[in-house]
Amino acid sequence: MNISELKQNVDLKVSGKEMHEWMLRLYPICRSITGNGVRKTLDILGAYLPLTVREIPSGTPVFDWTVPKEWNIQDAFIKDSRGNRIVDFKASNLCVVGYSSPIHQRMSLEELKPFLHTLPDHPDWIPYRTSYYDDNWGFCVSHRQLMKFKDDEAYDVCIDSVLEDGHLTYGEYNLQGQCSDEVLLSCHICHPSLCNDNLSGIVLLTMLGKLLQQVSLRHSYRFLFIPGTIGSITWLALNEASASKIKYGLVAACVGDAGQITYKRSRQDNAQIDLIVEHVLKESGDPYDIKSFIPYGYDERQYCSPGFNLPVGCLQRTSYGDYPEYHTSADDSDFVRPESLQDSLYKYISVFNIIENNKTLINTNPKCEPQLGKRGLYKAIGGQGETLESQMAMLWTLNLSDGEHSLLEISEKSKIRFDLIKKIADILTAENLLKECS
Amino acid sequence: MNISELKQNVDLKVSGKEMHEWMLRLYPICRSITGNGVRKTLDILGAYLPLTVREIPSGTPVFDWTVPKEWNIQDAFIKDSRGNRIVDFKASNLCVVGYSSPIHQRMSLEELKPFLHTLPDHPDWIPYRTSYYDDNWGFCVSHRQLMKFKDDEAYDVCIDSVLEDGHLTYGEYNLQGQCSDEVLLSCHICHPSLCNDNLSGIVLLTMLGKLLQQVSLRHSYRFLFIPGTIGSITWLALNEASASKIKYGLVAACVGDAGQITYKRSRQDNAQIDLIVEHVLKESGDPYDIKSFIPYGYDERQYCSPGFNLPVGCLQRTSYGDYPEYHTSADDSDFVRPESLQDSLYKYISVFNIIENNKTLINTNPKCEPQLGKRGLYKAIGGQGETLESQMAMLWTLNLSDGEHSLLEISEKSKIRFDLIKKIADILTAENLLKECS
Amino acid sequence: MNISELKQNVDLKVSGKEMHEWMLRLYPICRSITGNGVRKTLDILGAYLPLTVREIPSGTPVFDWTVPKEWNIQDAFIKDSRGNRIVDFKASNLCVVGYSSPIHQRMSLEELKPFLHTLPDHPDWIPYRTSYYDDNWGFCVSHRQLMKFKDDEAYDVCIDSVLEDGHLTYGEYNLQGQCSDEVLLSCHICHPSLCNDNLSGIVLLTMLGKLLQQVSLRHSYRFLFIPGTIGSITWLALNEASASKIKYGLVAACVGDAGQITYKRSRQDNAQIDLIVEHVLKESGDPYDIKSFIPYGYDERQYCSPGFNLPVGCLQRTSYGDYPEYHTSADDSDFVRPESLQDSLYKYISVFNIIENNKTLINTNPKCEPQLGKRGLYKAIGGQGETLESQMAMLWTLNLSDGEHSLLEISEKSKIRFDLIKKIADILTAENLLKECS
């Protein structure tokens, strides 16, 4: 199967439902930037994709950073004086600040309060907080719950966590294509029970990997399932030589909400990936938004640091921080919809379709038009309805195949969809009217 | 006489009427891409312009094409059973599909119908159809006429045509200027009784040739009167070396209707000819439209094929296909108006005015302004009303004559009309404040 | 003190009042392009700024021009038959056409009228007229006054002026900075009792010179107080080598009226000075206007002649000619406001602030982000309110410090104000995360 066939034939509805089901399996796991939650997650993904799991020891220097200690947590709670677990890690792993150091202590509300985080504007939601590089601890609770805490109560506060030398764990999956030019696909796997950010990205990349496995590919595809920031820094530090092979890249994050699709350009601003994604979104007819690069966001921050400046953008739906559910318990499995996942999937495949099929051809009869009639080319194209557009596509493709215009550029200039230009280019190549650029 | 004088002194009204009269003389002739109709047309034009007529033998290979057999037609008709010519070539040469092969046969309406072409949406109009490179025949009739055909009638169908080895005929007229850089002017002469497309272009180029004869020219001008597509391909194939001398070019087509003027840019998109025509249209104050190049239309398709990529645009009024009369009997002598021909003439001359007069000069006192007062230059300019504009023109021309800006660019930047900039440049050159770029 | 401190600490209100007072002192003096009025003006300025006064002999050739004779005037009047001075130079020096040749003669109104200039549309205003390079004389009066002249009266007309070999006088003040790259500041000093054009420019440059004296400067600053046109031509002719050191320049004119600030770009159109001024005006939040260069206006005409093409713009308030008071007695001390002078002062200082502080730095950890947390950099920045913006400023400055982007460009791209970018760059440089471009 080639990528065009995949694009045409993939059963999006089934894929959308399947991704949503995978997400539900991953939802309960307590993930962080290191630890057993990540391992368990990669283990589950391994059922769909032959991932390689890598373990990098704590203390490994990675550029200006050091791989941190590994954090694991067994249990956490706040009990009232009657022994009731009024805050319970087993009910929601969001209730513990990520990377909290262990504690077990009886405290008054006054003592406890500085360690309790809430969202007064959304009294039913639990916030998501972390403290990776600072020795600290804390609990996140709904504001409504906090209101029930009593001043004269003594609370039994416990976090049963371990922070010690171990490993940073990430998953990698490489699909070898005909050439070594690479397409990088990256998602972060460090968030606990949060769906859009970023179980949606994890299941999308897993599905893409699974589907691309069946496809005969021109480019090589590298999938990274890594903890945010420290994961991409670690991978780049340990794979500097590989980075230069990356010709296109996308960070997949927040790809499951109901909002419109949003593309954040690479730092290069007009890299091929930027032109291709913009073309796909424009051609889709759906509403979309294009944003310039800013040095804030997800792992594109690292891929687009000035020393790498890789052509990596971020193709998402609603941008982080633009929806109130972001980094709260409200980013749950209802917030992510199968239809949105399936639409994101189709747009990623459409991007790959252009990456795989785009090329620059040369008109072998560049002086005046070739005589198409004597070759029966007007008839070779099929369906009545599209005949006029096909003829225009033929004239455009011949006229612009001067070695300076790719098929994508011909599609842009002619305002004829890429797939028809590509089909016509194949016909003209078969007739020896076009040839590959050497 | 120089071109500026021609532009000022040409009696447009007389020229407009004259072109319209020429058109009426050419109207009845049955032209096609080859044959005696073309010869007769060139013969008539020869009275106004010392054209060279060229004959290229059938079978001559021209790039991917071959010069076709020559087609001539004596008569054609459909007679009803009483012997009445209900369709008659002598009444309108549009009634025969161009390049129809000979036939003489009695046919029922059922047999005949596939060979009858009409325009149901315009029941009084006869369509114009051709079948150059396909062995075929047919008749074009008004839809109202078709309605009168009877099912039970036997029709006597005759096309008395000849398709045999002969020649492709075209006309060429060259005006030698001071330098060998050429301005190409091209029109197609292959349409039978159709006025806007393209007798209008034929009479416009004839008039331009006649007028330019009297002018002392810097550039050489090449006028081509050629059959569409195969004519330009033939000329380019047999004159490849000459093509490289073409520095500016215009295809003249549909220049006589009442619509606004339209310019279709060359494939280069910002060639000098594109900038000049756009300047002329802007400065005219009349409504106009500028279109990007597309690889469809008239012979600019060939001039702008990637192997030539010549700076040739198409300066027309209403674009082909944008008026319903296009390629029908309604494109008749009423559809083309003397005033429109005269306006097109003036705009073509205005384009030549810039082509001839534009140059890049050098300020001989580039450091600070020269002292204009001591040379009496404020007074040298004449008419009170224009004094302030003339002074600004002087300052602009001096300031921008750094070898990087042509007079046209100075006109664009200063928003002062080209003719005043040119007049001021002449005065400043006479004062040795400007000199020619070496 | 550095320029940032000057910008923060200058007491604008005091400076505005002070400039207005200086202007009142200079107002009564009769200035022209040469003569004692200029000397007296420079003498008064000398009390605030250690100006160097230069005297260039009449007859000195300066490019296409010659330094003219020196003009001085003692008195001028028109007396009626009863001996009343109905026009009196001692009441307003505007009443004599600049560079009038001497005359003393009894004349009828009919004889006198061609030498009287008025403004019929503004009957109470006296126009300002000159006749530098033409042997002529004349009086300027209000139109209401002209109406009182009587046909049958004999007028005693006297201009007691002297036009003889002497000098052209101008003032120069140079502030030597760390490097020889220069900032040129130029104003014209040839107008008599006219305030906005251009006592406002004179007092503004004087105040800027006085304030910059206290500042430790990277660039050298050259202040020119010169007669219009012939002054800049003379300076450029005699200092051609110095001109090449000018990297930024502003002509200060019409900087005291109540209108919005206007910047006229240099001929280069996108020189650093153009980008900097536009940035300052945009960042100010005040309304402003940007105009393209035209070869008409003040001395930027000479600095921007093609042989020099210096990066010199004109930063003014209402453009000359855009206010009716221009070149009339209504351009008086009420027309110029202390608040406007103070606003212009602040904007000039803001421009210098960027000129002095802008530079291009290099990220010493270009591969991935450096770990800011371990350096306590989030806290190093101060004030709570600005923390988020400061963090973004840090990320932008690190990301774009690749040797290709100046701090000004980082400010433009990030939409974060220049001063914060500069402050953050200093902090990052102190942490060795940025270093100077070598």
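Which residue in S18(C) is the bridge partner of C:Thr360? The legends below take up this pairing and other close-ups of a predicted model, in which local features need pLDDT of at least 70, side-chain atom pairs count only at pLDDT 80 or more, and totals for chains, interfaces and linings use all residues. Residues are numbered from 1 along each chain as its sequence is written, while chains are lettered from A and ligands numbered from 1 in the order in which they are written.

**View 1. An open sheet of 3 strands in chain C, ordered S18-S17-S19 with antiparallel pairing.** The bridge partner of C:Thr360 in S18(C) is C:Ser406, and 2 bridges join S17 (residues 360–363) to S18(C) (strands are DSSP runs of type E of at least two residues, numbered from the N terminus, and two of them pair if DSSP finds at least two bridges between them). Strands S18 (402–406) and S19 (434–436) of chain C are the edges, each pairing on one side only.

**View 2. The surroundings of C:Phe225 in chain C.** Not counting residues up to four places away in sequence, C:Phe225 touches C:Leu42, C:Leu45, C:Tyr170, C:Gly171, C:Cys187, C:Ile189, C:Ile202 and C:Leu205, where contact requires C-beta atoms, placed from the backbone, within 7 Å.

**View 3. The contact between chains C and A.** Here 15 residues of chain C are in contact with 14 residues of chain A; helix H12 (residues 387–400) of chain C supplies the largest share of the chain C side, 4 residues, helices being DSSP runs of type H or I of at least four residues.

Key: Two residues are in contact if their C-beta atoms, placed from the backbone, lie within 7 Å.
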